[in-house]
Amino acid sequence: MDYGHDLEFGVFLSPDALAAARTLELAQLADVLAYDLVTVQDHPYQARHLDAWTLLSAIAARTSAVRVALNVANLPLRPPAVLAQSVASLDVLSDGRAELGLGAGAFWDAIVAVGGPRRSPREAVDALEEAIAVIRAVWAAGGGRAADVDGTYYSIKGMHAGPAPVHDVQIWLGALKPRMLRLTGRLADGWLPSLGYVTPDALPRMNAAIDEAAVAAGRAPQAVRRMLNIFGGHEYLRGTPAVMAERLASLTLEHGTSTFILGSDDPDELRRFATEVAPAVRDLVAAGRSGHTMVVGPGERQRARVETPAPHDPDLPTPTPDDGTRLSAALPWDESARPSAPASEAPYLQPTIPQHLVDIHDHLRAELEQVRDIVDQVRRGQMGVGAARSVINTMTMRQNNWTLGAYCESYCRIVTGHHTLEDHSVFTHLRRSEPDLGAVLDRLSEEHVVIHDVLEQVDDALVGLVGAPSYGADATAALDELQRALDLLTDTLLSHLAYEERELIAPLARHGFS
């Protein structure tokens with residue numbers, strides 16, 4: 001059964017204390033790649049792990065768009081009233097990006113070793129139910145109002161609760177056994193098991209248990225989002241990206257799984273999944289829901305590229321060309337006035353670094369194609385304006401302020417792990433290393449601001465379309481304004497990215513990012 005939820009994709013990172021910098025960099029990479037979620041496991045008795053809640057807070061501080069969650073919180077070692085305040089606080093600090101994955105507990109010897117209780121399976125489920133009541137009471141009270149819950153395992157008496165979360169935080173349960181599944185159906189917002197502990201063959205039976213409990217509690221089965229931790233090496237998903245996409249799409253269309261969280265600490269795997277698998281899953285699910293058949297083959301999602309001359313240097317990546325096509329009557333800058341970097345005989349000390357700039361620009365170019373497709377769907381009446389604006393506002397290009405290389409910097413930090421989080425670090429480093437590059441860097445910074453303004457024009461046009469009549473001259477004018485803004489974004493963004501690659505590939509190869 002397909003429950004009709006929008007698809008979401010996330011990552012499940014290891015909280016390895018010996019690789020803390022890598023974990024933070026992977027979280028930033030997930031943010032840049034437009035994943036929806038970053039999650040970490042929570043085993044406070046594991047000496048090799050960072051404290052999961054502290055790590056999650058650091059991840060939220062390093063990212064700007066992804067939501068964050070424990071996968072799942074170890075309830076016996078995290079008192080629910082305190083956990084509720086922790087989640088609410090992080091939600092406030094992250095502008096509404098905190099969710100709560102919650103588990104009843106496991107590995108009881110280890111829990112007892114650090115001072116936690118030992119509970120039977122029945123006691124653990126009963127305690128979890130009480131904990132959910134406590135957590136929701138604390139969130140509902142907020143603002144210092146008193147909260148009371150009387151339970152066997154967890155009670156609060158006159159607790160002055162606060163702060164309140166800034167959005168409706170979801171509670172996802174890691175459930176496998178029948179009582180936990182029924183509890184999920186009655187009380188949870190999501191079901192979060194892992195592939196390996198559950199199999200596709202078992203999903204119909206387990207979903208039915210959740211559905212029956214939801215209906216008995218007066219809820220719709222759709223009230224519970226079906227989620228799944230997945231692992232690329234699992235036999236069910238082994239194969240090409242197209243095979244993996246087809247298997248995941250079938251889990252959505254046949255069993256209602258709508259959130260897939262990839263367990264991996266390999267940056268290349270995270271990139272491949274985000275750029276090759278997730279988009280194909282979205283297309284397959286959209287086609288399946290509309291009743292159309294769609295086959296995804298290798299290379300179908302690659303961006304069409306114009307044939308270009310040989311690279312300016314055989315040791316470096318080829319800058320993406322600008323074919324000169326323009327959709328707008330006039331641009332907000334004079335392209336002929338762009339300065340060029342002077343030639344240099346300095347050696348290429350980091351010749352592989354510039355490819356990362358091209359890769360992330362390719363991601364932005366692919367997003368632009370998606371924006372154009374979305375607006376085309378709006379013009380043809382196949383997508384509502386509100387839905388279009390929601391999709392566009394979650395894209396990577398909307399999370400970037402386009403000021404002084406901010407986008408490049410965030411990605412560079414992820415790739416290299418060697419430079420600080422200070423604003424403008426990359427451009428500052430290049431300016432210091434190669435002073436003659438100053439005019440180019442100044443021009444790139446100016447264009448970043450212009451592109452930010454053009455993105456705002458697209459957003460304003462979407463807002464204007466919402467308020468326009470559904471037909472007639474005003475509707476046509478609003479659609480035309482949206483198309484004008486999008487064409488201007490296409491012209492400026494593609495032109496800018498080509499210029500930036502042309503001028504910075506060689507300096508980055510000489511000096512790196514920091």
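This is a predicted model: local features need pLDDT of at least 70, side-chain atom pairs count only at pLDDT 80 or more; totals for chains, interfaces and linings use all residues.
1. A polar contact is a pair of N or O atoms within 3.5 Å; within protein, one atom must be able to donate a hydrogen and the other to accept it, and residues adjacent in sequence count only if both atoms are side-chain atoms.

2. Residues are numbered from 1 along each chain as its sequence is written, and side-chain values use heavy atoms, with hydrogens and water left out.

3. Overall make-up. The chain has 16 helices and eleven strands; helices (H or I, at least four residues) and strands (E, at least two) are DSSP runs, numbered from the N terminus. Of its 514 residues, 51% count as buried. Buried means under 20% relative accessible area, exposed means over 50%, and partly exposed is in between (1.4 Å probe, protein chains only). A contact means heavy atoms within 4.5 Å. Among contacts between residues at least 6 apart in sequence, 75% join residues at least 24 apart.

4. Glutamate 501. Is this residue buried or exposed? Glutamate 501 is buried, because its relative accessible area is 0%. It belongs to helix H16, which covers residues 473–511. Leaving aside residues up to four places away in sequence, glutamate 501 touches Thr318, Pro319, Thr320, Leu357, Val358, His361 and Arg365.

5. Arginine 431. This residue is part of helix H14 (residues 425–433) and counts as partly exposed, because its relative accessibility is 32%. Its side chain makes a polar contact with the side chain of aspartate 442, at 3.1 Å. Apart from residues up to four places away in sequence, arginine 431 touches Gly438, Leu441 and Asp442. The C-alpha atoms of arginine 431 and proline 507 are 10.0 Å apart, while the two residues are separated by 76 residues along the chain.

6. Aromatic pairs. Rings of Phe, Tyr and Trp (its six-membered ring) pair if their centres lie within 6.5 Å; planes under 30 degrees apart count as stacked, over 60 as edge-to-face and the rest as tilted. By this rule there are four aromatic pairs. The rings of tyrosine 35 and phenylalanine 273 are stacked, because their planes are at 5 degrees, with the centres 6.4 Å apart. This pair links distant parts of the chain, 238 residues apart: tyrosine 35 is in the loop between helix H1 (20–32) and strand S2 (37–40), and phenylalanine 273 is in helix H9 (residues 267–290). Tyrosine 35 counts as buried at 5% relative accessibility, and phenylalanine 273 counts as buried at 2%. Phe9, Tyr35, Phe260 and Phe273 form one aromatic cluster.

7. Charges over rings. A charge sits over a ring if NZ of Lys or CZ of Arg is within 6 Å of the ring centre and within 35 degrees of the ring normal. Arginine 226 lies over the face of tyrosine 3, at 4.0 Å from the ring centre. The charged end of arginine 247 is placed over the ring of tyrosine 236, 5.2 Å from its centre.

8. On a 1 Å grid over the protein atoms alone, a cavity is a set of points where a 1.4 Å probe fits but cannot get out, and a pocket is an open set with protein on both sides within 12 Å along at least five of seven lines; lining residues have an atom within 4 Å of a point. Grid points are joined across faces, edges and corners, and a volume is the space filled by probe spheres set on the points. The second largest pocket holds about 960 Å³. Its lining has 31 residues, of which Val72, Gly105, Ala106, Gly174 and Leu176 are the closest to its centre. Helix H5 gives the most to this lining, with four residues.

9. Cavities. The structure holds two cavities of 30 Å³ or more. The second largest cavity has a volume of about 40 Å³. Among the residues that line this cavity are Trp191, His255 and Arg226. Strand S10 gives the most to its lining, with three residues.

10. Backbone points. Most residues other than glycine have a negative phi, and most peptide bonds are trans. The peptide bond from asparagine 71 to valine 72 is cis, with omega near 0 degrees. Aspartate 95 is not a glycine, yet has a positive phi of about 60 degrees; aspartate 95 is exposed, with a relative accessible area of 70%.
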